[in-house]
Amino acid sequence: MQIVDHLLRVKGSHVYSVAPTDFVLRAIEIMADHHLGALLVMNQGILLGIVSERDYARKVILQNRSSHDTPVSEIMTSPTVTVTPRDTVHHCMQLMTEGRFRHLPVVDSGRVVGILSIGDLVKAVMEEQTAQIEQLERYIAG
């Protein structure tokens with residue numbers, strides 16, 4: 001079973017974030033520019049929460065609030081569930097399935113070192129299953 005550290009080495013560890021005082025419009029612009037579904041909310045390197053497209057839809061659009069003057073801190077999800085680089089892909093998928101969220105910050109010794117999406121995890125599982133199938137086919141073929 002793969003661990004988070006392996007995924008981050010392949011994917012990269014760049015993280016996009018906003019400050020809690022940034023307005024929601026800024027967060028949405030960053031997500032759109034970089035094709036992201038969520039951003040970390042950080043203050044001086046400290047993870048405070050996460051803001052997602054779902055947060056925007058439910059806490060801004062459906063409540064008829066303004067993206068221009070609503071601070072991210074008012075719609076972010078906090079506290080945020082996190083994992084470490086030593087956690088397994090299986091554990092991450094379990095957390096996401098049970099918690100019904102799609103983005104998972106990776107924290108090591110109190111410092112954010114990456115973020116995983118459900119897509120990253122599904123891709124890792126598919127690659128692992130493909131490798132196992134190929135190995136079994138080689139074994140059967142002799």
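This is a predicted model: local features need pLDDT of at least 70, side-chain atom pairs count only at pLDDT 80 or more; totals for chains, interfaces and linings use all residues.
A residue is called buried when its relative accessible area is under 20%. By that criterion, buried residues account for 32% of the 142 residues in the chain.

The chain contains five helices and five strands. Read from the N terminus, these elements follow the order α-β-α-β-β-α-α-β-β-α. Along the principal axes, the C-alpha atoms occupy a box of roughly 65 × 35 × 25 Å. Contacts were examined between residues at least 6 apart in sequence. Of these contacts, 53% link residues at least 24 apart.

The surface was considered next. The accessible surface of the chain amounts to about 8,800 Å². Carbon and sulfur atoms contribute 53% of that surface. Charged side chains were also counted. The chain carries 13 positive and 16 negative side chains. The centres of the two sets are 2 Å apart.

Strand 4 spans residues 103-108, and strand 5 spans residues 111-117. Ser109 sits in the loop between these two strands. Its relative accessibility is 76%. The cut-off for an exposed residue is over 50%. Ser109 therefore counts as exposed. Thr84 lies 25 residues from Ser109 in sequence. In space, the C-alpha atoms of Ser109 and Thr84 are separated by 8.6 Å.

How values were computed. Residues are numbered from 1 along each chain as its sequence is written. Side-chain values use heavy atoms; hydrogens and water are left out. Helices (H or I, at least four residues) and strands (E, at least two) are DSSP runs, numbered from the N terminus. Buried means under 20% relative accessible area, exposed over 50%, partly exposed in between (1.4 Å probe, protein chains only). Contact means heavy atoms within 4.5 Å. Accessible areas come from the Shrake-Rupley method with a 1.4 Å probe; for residues, only the protein chains shown count as cover. Lys and Arg count as positive and Asp and Glu as negative; His and the chain ends are not counted. The place of a charge is taken as NZ of Lys, CZ of Arg, CG of Asp or CD of Glu.
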